[in-house]
Amino acid sequence: MAGKKRRRLGEILVDWGVCTPAAVTEALAHSQLEGMKIGDALVTLELATEDDVTKALATQFDMEFIDLEQNVVVPTELNLIDETLIKRHQILPLAMEEGRLKVLITDPLDLETLDMLRFRLNCELTTCLASKSRMREFIHQYIGS
């Protein structure tokens, strides 16, 4: 039996009233021309905010969205992942829950990083999503300068 088809990012944003179908078409053309993801194109062209795109990605991939501007609690599990990996991959270990590490990421399609973490930590992950700019700011502010 086939799995549930994942909704497209543009469809989600149009359904939410964030942008129009024409804006999605424009962003798609720009993303193909510039070799970038459609979400990045929407933000670059100022057709959607980074938070709107990140929330839509979280919905698309059935993940929790965490707004680091609202939730400025320093994670308790920071020591589980080396600072250089946190900075390089823009990831934050949040908490250990029932043997699974809750990790904050910025790209749900970065499967290579998630696989590397599973291997290094020898545990399963629960992923949450945050916007790239807020993650950069948070890491700069709270993780060794």
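**Exercise 1. Find what Ser-31 touches, leaving out residues up to four places away in sequence.**

Step 1. Ser-31 touches Met-36, Lys-37, Ile-38 and Ala-41, once residues up to four places away in sequence are not counted. Contact here means heavy atoms within 4.5 Å.

Step 2. A quick word on the ground rules: this is a predicted model, where local features need pLDDT of at least 70 and side-chain atom pairs count only at pLDDT 80 or more, while totals for chains, interfaces and linings use all residues. Residues are numbered from 1 along each chain as its sequence is written, and side-chain values use heavy atoms, with hydrogens and water left out.

Step 3. Now place the residue: Ser-31 lies in helix α2. Helices (H or I, at least four residues) and strands (E, at least two) are DSSP runs, numbered from the N terminus.

Step 4. Ser-31 counts as buried, at 4% relative accessibility. Buried means under 20% relative accessible area, exposed over 50%, and partly exposed in between (1.4 Å probe, protein chains only).

**Exercise 2. Work out which side of helix α2 is buried and what that side packs against.**

Step 1. Start with the helix itself. α2 covers residues 21–34, which makes 14 residues, and reaches 20 Å from its first C-alpha to its last. That is close to the 20 Å expected at 1.5 Å a residue; the expected span is 1.5 Å times one less than the number of residues.

Step 2. Pick out the buried residues of α2: Ala-23, Val-24, Ala-27 and Ser-31. They cover an arc of only 95° around the axis, so they sit on the same side of α2. The arc is that of the directions from the helix axis to the C-beta atoms.

Step 3. Turn to the face pointing away from the buried side. There you'll find the exposed residues Pro-21, Ala-22, Thr-25, Gln-32 and Leu-33.

Step 4. Look for the packing partners: the buried residues of α2 pack against α1 (9–15) and α3 (38–44).

Step 5. Check the end of the helix. Just after α2, Gly-35 takes a positive phi of about 65°.

**Exercise 3. Which residues have the most contacts inside the largest nonpolar core?**

Step 1. They are Leu-92 and Leu-104, in a core of 41 residues. A nonpolar core is a set of buried Ala, Val, Leu, Ile, Met, Phe, Trp, Tyr and Cys residues joined through side-chain atoms within 4.5 Å.

Step 2. Take Leu-104 and leave aside its neighbours within four places in sequence. Its contacts include Ile-66, Leu-68, Leu-92, Cys-128 and Met-135.

**Exercise 4. Describe the structure's one aromatic pair.**

Step 1. The structure's one aromatic pair is made by Phe-138 and Tyr-142, with 4.6 Å centre to centre and 40° between the planes, and it is tilted. Rings of Phe, Tyr and Trp (its six-membered ring) pair if their centres lie within 6.5 Å; planes under 30 degrees apart count as stacked, over 60 as edge-to-face and the rest as tilted.

Step 2. Because Phe-138 and Tyr-142 are four residues apart in helix α7 (residues 132–142), about one helical turn separates them.
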